[in-house]
Amino acid sequence: MVTRVVLLCPGQGAQRVGMGRDLAERFEPAHDLFAAVDDALGFKLSTLMWEGPEAELTLTHNAQPAILTHSLAVWLVIADAVDVVAGAGHSLGEYSAYGAAGSLRPVDAARLVRRRGELMLDAGRARSGTMAAVLGLDTAAVEAACAESSRDQVVAVAANINTPDQTVVSGDPAAVEEVAERCRAAGAKRVIPLNVSGAFHSPLMQPAEDGLRTVLGHVEFARPAFPIIANATAEPIVDADAAKRRLGEQLTAPVRWVASMERAAVMAGDASAVFLEIGPGKVLSGLVSRIVRGASTVALGTADDVTSFLERAA
């Protein structure tokens with residue numbers, strides 16, 4: 001039986017040493033994908049994924065193609081068992097979603113996000129920035145704290161709107177620290193500094209966005225086989241030109257994950273659709289459960305997860 005799904009693809013931070021190795025060992029399509037990506041990138045990404053070191057895998061330009069390849073390895077194995085209503089990915093994961101939808105060839109997607117990671121790393125080195133997760137405070141209050149803390153070329157913005165009470169702030173270190181103080185005073189349960197190499201999804205990423213737009217202009221995109229909900233606008237994207245445009249905006253725009261999942265739930269139409277996360281970890285499944293009441297979630301990251309899913313779908 002084919003399962004109706006909203007396809008979810010994780011973003012940076014989901015990487016871990018050992019990721020995807022069992023998939024390559026058990027499923028030929030996954031094995032072939034890892035080999036093809038290694039060839040396309042000109043180095044053994046698979047060895048870095050499977051053996052580490054962790055510090056190197058965590059670098060932005062390595063983590064991004066690693067997570068994308070893991071997600072697409074799962075997709076290649078399960079694609080015939082699902083009917084996708086809509087797809088979405090968290091930041092980097094939006095590229096994985098376009099890969100699953102056939103807009104991007106997997107090797108092109110891997111090259112693209114490798115370059116995206118390099119551009120983000122360079123932008124972070126050129127202008128130091130940071131990020132922090134604010135827990136237990138509504139997004140409007142966090143956005144107000146950002147507005148009050150931004151001045152004189154120093155900026156902080158709400159970068160990832162993950163749940164109604166979990167927002168990640170991004171920007172100049174002084175402004176982010178002021179936001180943290182304001183949010184604690186307003187009743188936030190916790191403010192957690194994030195170990196990142198730059199202020200992602202903020203104006204500080206403008207140089208990276210400029211470079212990425214140029215790169216996107218040289219990459220061939222096809223019409224997606226199913227709608228992809230854009231991070232920047234929470235709108236479903238159904239053509240190649242719009243896909244490039246929204247991905248070009250993404251690095252300086254917030255990840256509107258709450259609005260995206262609310263839109264996905266409307267597109268799913270009823271409770272029969274499963275929010276299916278493919279790739280390392282289960283972070284997005286947890287976020288969806290806090291956004292869409294009664295949502296059914298499944299996370300497929302390991303070979304055992306995939307085998308069990310396929311057996312249930314048979």
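## A buried serine

A residue is called buried when its relative accessible area is under 20%, exposed when the value is over 50%, and partly exposed in between. In this predicted model, Ser-170 has a relative accessible area of 0%, and therefore counts as buried. Ser-170 belongs to strand E5.

The surroundings of Ser-170 can be described through the residues that touch it. Leaving aside residues up to four places away in sequence, Ser-170 is in contact with Thr-130, Met-131, Val-155, Ala-156, Val-157, Ala-159, Val-176, Ala-199, Phe-200 and Ser-202. For one of these contacts, with Ala-199, a distance can be given: a polar atom of the Ser-170 side chain lies 3.3 Å from the backbone oxygen of Ala-199.

## Salt bridges in the model

Another salt bridge is formed by Asp-108 and Arg-105, whose closest N and O atoms are 3.1 Å apart. Asp-108 has a relative accessibility of 18%, and because this is under 20%, Asp-108 counts as buried.

## Pairs that join separate parts of the chain

Asp-165 and Arg-290 meet through their side chains in a salt bridge, with an N to O distance of 2.7 Å. Asp-165 is in the loop between strand E4 (156–163) and strand E5 (166–171), while Arg-290 is in the loop between helix H13 (283–289) and strand E10 (296–300), so this pair ties together parts that are 125 residues apart in sequence. Both partners are partly exposed, since the relative accessibility is 31% for Asp-165 and the relative accessible area is 44% for Arg-290.

A further salt bridge connects Glu-235 with Arg-246, and here the closest N and O atoms are 2.6 Å apart. This pair also links distant parts of the chain, with Glu-235 in the loop between strand E7 (228–229) and strand E8 (236–237), and Arg-246 in helix H11 (residues 240–249), 11 residues apart. Glu-235, at 27% relative accessibility, counts as partly exposed, whereas Arg-246, at 18%, counts as buried.

Terms used: Residues are numbered from 1 along each chain as its sequence is written. This is a predicted model: local features need pLDDT of at least 70, side-chain atom pairs count only at pLDDT 80 or more; totals for chains, interfaces and linings use all residues. Side-chain values use heavy atoms; hydrogens and water are left out. A salt bridge is a side-chain nitrogen of Lys or Arg within 4 Å of a carboxyl oxygen of Asp or Glu. Buried means under 20% relative accessible area, exposed over 50%, partly exposed in between (1.4 Å probe, protein chains only). Helices (H or I, at least four residues) and strands (E, at least two) are DSSP runs, numbered from the N terminus. A polar contact is a pair of N or O atoms within 3.5 Å; within protein, one must be able to donate a hydrogen and the other to accept it, and residues adjacent in sequence count only if both atoms are side-chain atoms. Contact means heavy atoms within 4.5 Å.
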